[in-house]
Amino acid sequence: MRKRLVVIPEKCSGCRVCEIACSVHRQGVNNPKKARVRVTTVYPHPVVRMPIVCSQCKEAKCLAACPTDAIYSKDGVVMINEDECIGCHACVDACPFGAMYIHPDLDIPLKCDLCSNNSEPQCARMCPMGAIVYLPEHVFGQAHRLNNVLSYAHMKEIEYMEKGEPKKLHYADNNAAESFEEQQGGQNEKA
Amino acid sequence: MKKHKGGYFGKILHVDLNDSESSIENFDDDFASQYIGGRGIAVKLIWDNLKIHDHIDPLGPENMLVVAPGPLTGVYLPSSGKNSFAAISPATGLYGDSSMGGGFGVEIRQAGYDAITVVGKAAELSYLFIDDDNVSVIPCPELRGKGNLEAEGRIRENLSDHDVRVASIGIAGETLARFACVTSEWSRNAGRTGIGAVMGSKNLKAIAVRGHQDIPVSNMEDVINISEKAYKELGEHVMMGMWQRQGLMGVVDYANEMGILPTYNFRDTHWEKSKSINANVMLGNFKIGNTACFGCPMCCGNINLVKEGKWAGTVTEGPEYETAAMLGSNVGIDNFPGVLRANYLCDDFGLDTISTGNLIAAVIEGYEKDLLTLEDLDGKPISWGDEDRIMELIEQIAKAEGIGETIALGAKGVLAKWPQLKPIVVHVKGLEQSAYDCRGASSMALAYGTSDIGAHHTRAWTVGKELEAGADWSIEEKVDLVMYHQHIRSLFDMFGVCRLPWIELGFHEDFYAELYSAVTGNQYGLEELLKVSQNIYDMTRAINVKLGAKKADDYPPERTFVPIHSGPLAGKVCDKAEYETMLNLYYKKRGWDKNGNPDISC
């Protein structure tokens, strides 16, 4: 089961715990500028705080751009072979999300590898807001699907009492389906 | 001598704007142990500067501005994004400082400095750019009159770097308003004591910083273990969710129920309309996001948007409690969008919301009581909750226009022009009181009175504890608590970390001693660190004595001795005799003489 990092920018507070956790665990130094994740903030029009994380793309632009084939994909994680890397930073330029980083002290670009040996990347583990989450690929889009289903236009709501407590129940109204067919000229019936 | 293996770069950057020259001063481990960092180093540097100059005009080129994060700023630990701005205050004429959150201090550390000092005056409006080792003074006359929001964006554009950290002043700093603040990341403020005016007097519009260096840490494994335990403990705290949602706005209801919410210029301490400016109103219709300082899980910053009505389109980070109270109940605004608008204007103009709300309230009461004439008010009347006129006043203060020119001079300037307002201007040493009434808790009166910078709550916030548990406290217990707060809170400012995990979520003080030990590679106990803090407090006092502070300046505002008008603490008042006893005991316990002079002199 492959997993990826997902960002929910609405939850991000811009605290940069992800950056500092990444740098102390992965680089062994206290330096948010050496993190493989960065929070970008825009204010006040619009107000957005968003950690930029690597998507581990299947058709990775960074990999394609590398002139020495130093970037490779293994088990769904895009990584840099440091022996092959010449530090030209073509990959940094190629990433459409800006999710690779340069630091003046380092020859090799900073690239997220999902903390390869860990069960959960440090940024997701430490984020106090739940703005970076580590999810199996098959649940991607589930939230949107669920949202779509629940906001289905013909949803009805009834209130009822259970043990003296008011409760709500949602259901999809069959009558709505009929009226929908009528609007369409009863084509289904004819068929 | 303790050898530090982390925590310090051992470097102070000195900048002289007279000739745009900069130099580096190296300091040793002894210096670090003696002053720790942040506020501690700032006090030492200002002390040294006072040795050079016989007289310091707070708005003169000789006044030294110190910007100092601490040895824990930017370190992997909860809430490590703090940074002190210090100088001789134009509001009080005494030592002044104010701390700022966000990421500005972290960036200074990453540029490799433990502190920055600025003296002199630039030939034209300029900003200081510190790019690791490269320091330059860049003229920016085009930014004259620009608000903080625009100035910060323009400097980022000018340097072609979206991530550069900027601390700027607004129009109020340029016009030398005595309560002008310094603003970073659009809305993180070093609000108090008029540091913005000190920058303005130096023609210094902003300081921009970019750094890449590792923050030195001696024992990384210990830091990781201690800090991750701390993050976990805070994350699981029962109040954490409430904190993340409300931040300090939750204090509005608390203060109102306790009877300490400043209302109508501190006349009342309880407001029947407080529900119109509380956290529920904010959460219901206005909040669109959280903000946090560096490394902080508590995200006390609330971003709010006004979606409709007269102030539609207003976006502001805030208010927090102080602003909601000072620009809400204290001036009678019962319309939350109005509070947001006033907050936004203060941030953009670069005015301290506490002093602004305090002095506007004094003017309203002064007019109400016929102590001020319509002529004094430029012919335009003002009353409680008059939003339009209050917004107009904020702008007039920032631009030093009309009546605003007088208000911008702060409590001292206002009283010099209108001495008849003496009973109703609520200040200590010239600094306007912040948003906790102290009549129900005499320890808080002592905290305001003896505060080195004037009537500011963060020096010693004892009001909550005394009201909740202090009914039977002896005078000595009250004095001890004030002194403990004055020392432990200084320590937070010296380390460059926030006090909120401690005061709000009960996080233990020992954690910081443990971390400072892990970062420096030396064993430190809390008691030992508090001793350093006490020494800094004595030094600050000696600075103030040299600058003319007397025992007479150590009393709370006159209003403290007038009974509370209404609410749960109606009739409560600070007893003059009790205060006198407390103050004398306080001096004695500090080892100061009966006039409040310490045995060291600057």
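Among contacts in chain B between residues at least 6 apart in sequence, what percentage join residues at least 24 apart?

1. The answer for chain B is 72%. Here two residues are in contact if their C-beta atoms, placed from the backbone, lie within 7 Å.

2. A word on ground rules: this is a predicted model, where local features need pLDDT of at least 70 and side-chain atom pairs count only at pLDDT 80 or more, while totals for chains, interfaces and linings use all residues. Residues are numbered from 1 along each chain as its sequence is written, and chains are lettered from A and ligands numbered from 1 in the order in which they are written.

3. On overall build, chain B has 23 helices and 17 strands (DSSP runs numbered from the N terminus, helices being H or I with at least four residues and strands E with at least two). The C-alpha trace spans about 60 × 60 × 50 Å along its principal axes.

4. Now the inside. Buried residues account for 60% of the 602 in chain B (buried is 20 or more other C-beta atoms within 10 Å of a residue's own, exposed is 12 or fewer, partly exposed is in between, with C-beta atoms placed from the backbone). In the largest nonpolar core, with 226 residues, B:Ile46, B:Val66 and B:Leu351 touch the most other members (a core is a set of buried Ala, Val, Leu, Ile, Met, Phe, Trp, Tyr and Cys joined through C-beta atoms within 7 Å). Beyond four places in sequence, the contacts of B:Ile46 include B:Met64, B:Tyr95 and B:Ile543.

5. Have a look at α12 (336-349) and α14 (387-399) of chain B, which pack at about 5° with axes 10 Å apart. They are therefore roughly parallel (angles under 35 degrees). Among the residues making this contact are B:Leu345 and B:Phe349 of α12(B) and B:Ile390 and B:Ile394 of α14(B).

6. As for the partner chain, 26 residues of chain B are in contact with 22 of chain A. Both α7 (220-235) and β13 (287-291) of chain B supply at least two residues each to that side.

7. Last, B:Asn256 sits in helix α9 (251-258) of chain B. It counts as buried because it has 24 C-beta neighbours inside 10 Å. Outside four places in sequence, B:Asn256 contacts B:Leu261, B:His270, B:Trp271 and B:Ser274.

Terms used:
Axes are lines fitted to C-alpha atoms, for helices over the stretch in contact, and angles run from 0 to 180 degrees between N-to-C directions. Angles under 35 degrees count as roughly parallel, over 145 as roughly antiparallel, 65 to 115 as roughly perpendicular and the rest as oblique.
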